Amino acid sequence: MTNKDYVKPGDFKPIDLLAVAAAREVNDGEVVFAGTGLPMLAIMLAQLTSAPSAVCIYEAGTVDGRPISLPTSVGDARCAYQASIASGLFDVFGQLQRGRVDLAFLGGAEIDQYGNVNTTAMGGYYPMGKRLTGSGGNNDINALAKRTVFIMIQEKRRFVERCSYITSPGWRIPKWPEGDFVHKREVYGKAFRGGPGAVISNMGVFRFDDDGIMYLDTVHPGFTPEQVKENCSFDLNISRVSGKTELPTYRDLELLYNDIDPEGIFLP
Amino acid sequence: MSRPEVVSLQEAIGLINDGDMLTFGGFTIWRRPMAAIMEIIRQGKKDLHLVMVNGGTHDDMLVGAGCVKVWESCWVGHELYGKIGGNFSRRAEAGEIIYEDYSHVQMVYRLAAGAQGIPFMPTYASMGSDVLNPEYDMLGKAGLRDGSNPKIPVRKYEMYRDPFYGTEVCLIPAANPDWCIAHVNMVGSEGTVRVFGQKYSDEEAMKAADKLIVITEQIVPEEYIRREPERNLVPGHLVDYVVELPWGAHPTGCFGSYEADGAFINNFFTSTRTQEGFDAWAEEWIFGVKDHEEYLNRLGVSRLETLRASVALGYSTKVKRGSR
């Protein structure tokens, strides 16, 4: 076995595959907006493997940091270590709105088949159902990055027909004040930059077709497309499955556990 | 007043009236004016209207103590140490607080417009989300957009066709809170403010407010802070009150000075599952101490020394953060 070999099933945890699959979404040279948690592991792993010249922006205001200790959040002092700039939200969100961000990693509690995401309220906003954190930058980033990748837990109640609150706009979105669902291009016009490119769950990797509708691309080892479909509330398109999700390599796991998160912060 | 007044924390907080509009420096669980938050609670302020770029441990504590009537922001939680704002969620679900959600960009722009002295800023952010759903204009539903309060805009937002390039943009109203309370690393004796590390949205928040209270780790000779003016954030003539209060952001972290106290924040978060839990927590850590000095003594020297940041790195290397 060399360290470039794929890990055998059973030798890795589901969360490892999430981090590795997310890292593989990064193309070398891209400007990447990353949030707290798995997105940090993904961008750091990408920089150590296939995308050494990718630039990472954290929304609290650091650009292209080279942390030697894993930050626990985007506001952490560690994000600023060897950064080219330590500024603030006005600066980095301005770069996003200016169209400089190629890829962003996000998460959410609910997602629909158009890549609309809810991080605000489950079961209704007024009156309030179950209140979550709220948008933070999720809304802005899904709106204005050229491509977004969501990391989600695969459950029927999370892959929903319709989000109970659209925090973050995907491919088909309400045009206010009427609220009719139209393609994102119609709402954004000249400011249109792109939208959700992939969703990575603990069961598979999903992508979006030309109409902005989610389909299953690959399934993780141990799952069938039918099982994934059973864990969606909407009628998931499983006619375009291209195969199995590429496994992590031994080298990926070494980097994740020994170099990126040796303290066990996001990888317990 | 062209030079700020150096006052005690009790004096500074004593100037805030019930019903005032407040904003804060910092970001989620970083550089929050926590000693000031606890003093606001001790002084029993009521009906506060918070307008913040984002929330965190600070506003969740105020909400738990019943100090807040209106919350306008885009996020609340404790990062790795608490996945939601326990007090905020409970009170929002019970209909005990007026909440108004915007997006991060929109909140930054509300304060940036306020800081620039203009009535609104345009942005593409957030179009096609439920932030713009007319049914979710919560201040409107509460009857607060009738123009009677000059600090509350009569609309949540306005869609607008830009007359120059023909794009659709969303206009976001400025915010000019009565007060900004910010925690910083260093203030000169004439009030010049310096922040280490990321600036978050401190500049916008500080400049948008009518009155600015700066809590600082240390006051240094003005001559020292003026040797490198390019490193300074805000001049003294924009600062109204300065409070020198080392460790005043604990349990949140302060770049270059100390780490976020994750165990403390997580313990606080755990207590907020119920109102009774939070009340007991507040009895111990807020009402059970007379002031910030007693609070620090209760924390103890060894705990604080573990949190102290490395001068070279800006953070502590002695804190256990994960499972290994």
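This is a predicted model: local features need pLDDT of at least 70, side-chain atom pairs count only at pLDDT 80 or more; totals for chains, interfaces and linings use all residues.
Chain A falls into two domains, each built from separate stretches of the chain: domain 1 covers 1–101 + 246–268, and domain 2 covers 106–195 + 213–240. Between the C-alpha centres of domain 1 of chain A and domain 2 of chain A there is a distance of 23 Å. To their contact, domain 1 of chain A gives 16 residues and domain 2 of chain A gives 13 residues. On the domain 1 side of chain A, at least two residues come from each of helix H1 (14–23), helix H2 (38–48) and H3. By residue type, this side of domain 1 of chain A comprises 11 nonpolar, 3 polar and 2 charged residues.

Turning to the contact between the chains, chain B contributes 58 residues and chain A contributes 58 residues. Three helices of chain B, namely helix H4 (86–93), H5 and helix H7 (202–208), each provide at least two residues of the side that touches chain A. That side of chain B is made up of 27 nonpolar, 20 polar and 11 charged residues.

From H3(A), the residues A:Leu89, A:Phe90, A:Phe93 and A:Gln97 meet B:His104, B:Val105, B:Val108 and B:Ala112 from H5(B). Of the residues in this contact of H3(A) with H5(B), 6 are nonpolar, 2 are polar and none is charged.

A second pair lies within chain B. Here helix H2 (residues 34–42) and helix H3 (residues 57–64) of chain B pack at about 5°, and their axes are 10 Å apart. With the angle under 35 degrees, H2(B) is therefore roughly parallel to H3(B). On one side of this contact stand B:Met34, B:Ile37, B:Ile40 and B:Ile41 of H2(B), and on the other B:His58, B:Met61 and B:Leu62 of H3(B). The contact of H2(B) with H3(B) holds 6 nonpolar residues, 1 polar residue and no charged ones.

How values were computed. Residues are numbered from 1 along each chain as its sequence is written. Chains are lettered from A and ligands numbered from 1 in the order in which they are written. Two residues are in contact if their C-beta atoms, placed from the backbone, lie within 7 Å. Helices (H or I, at least four residues) and strands (E, at least two) are DSSP runs, numbered from the N terminus. Ala, Val, Leu, Ile, Met, Phe, Trp, Tyr, Cys and Pro count as nonpolar, Asp, Glu, Lys and Arg as charged, and the others, Gly among them, as polar. Domain bounds come from an automatic or database domain assignment. Axes are lines fitted to C-alpha atoms, for helices over the stretch in contact, and angles run from 0 to 180 degrees between N-to-C directions. Angles under 35 degrees count as roughly parallel, over 145 as roughly antiparallel, 65 to 115 as roughly perpendicular and the rest as oblique.
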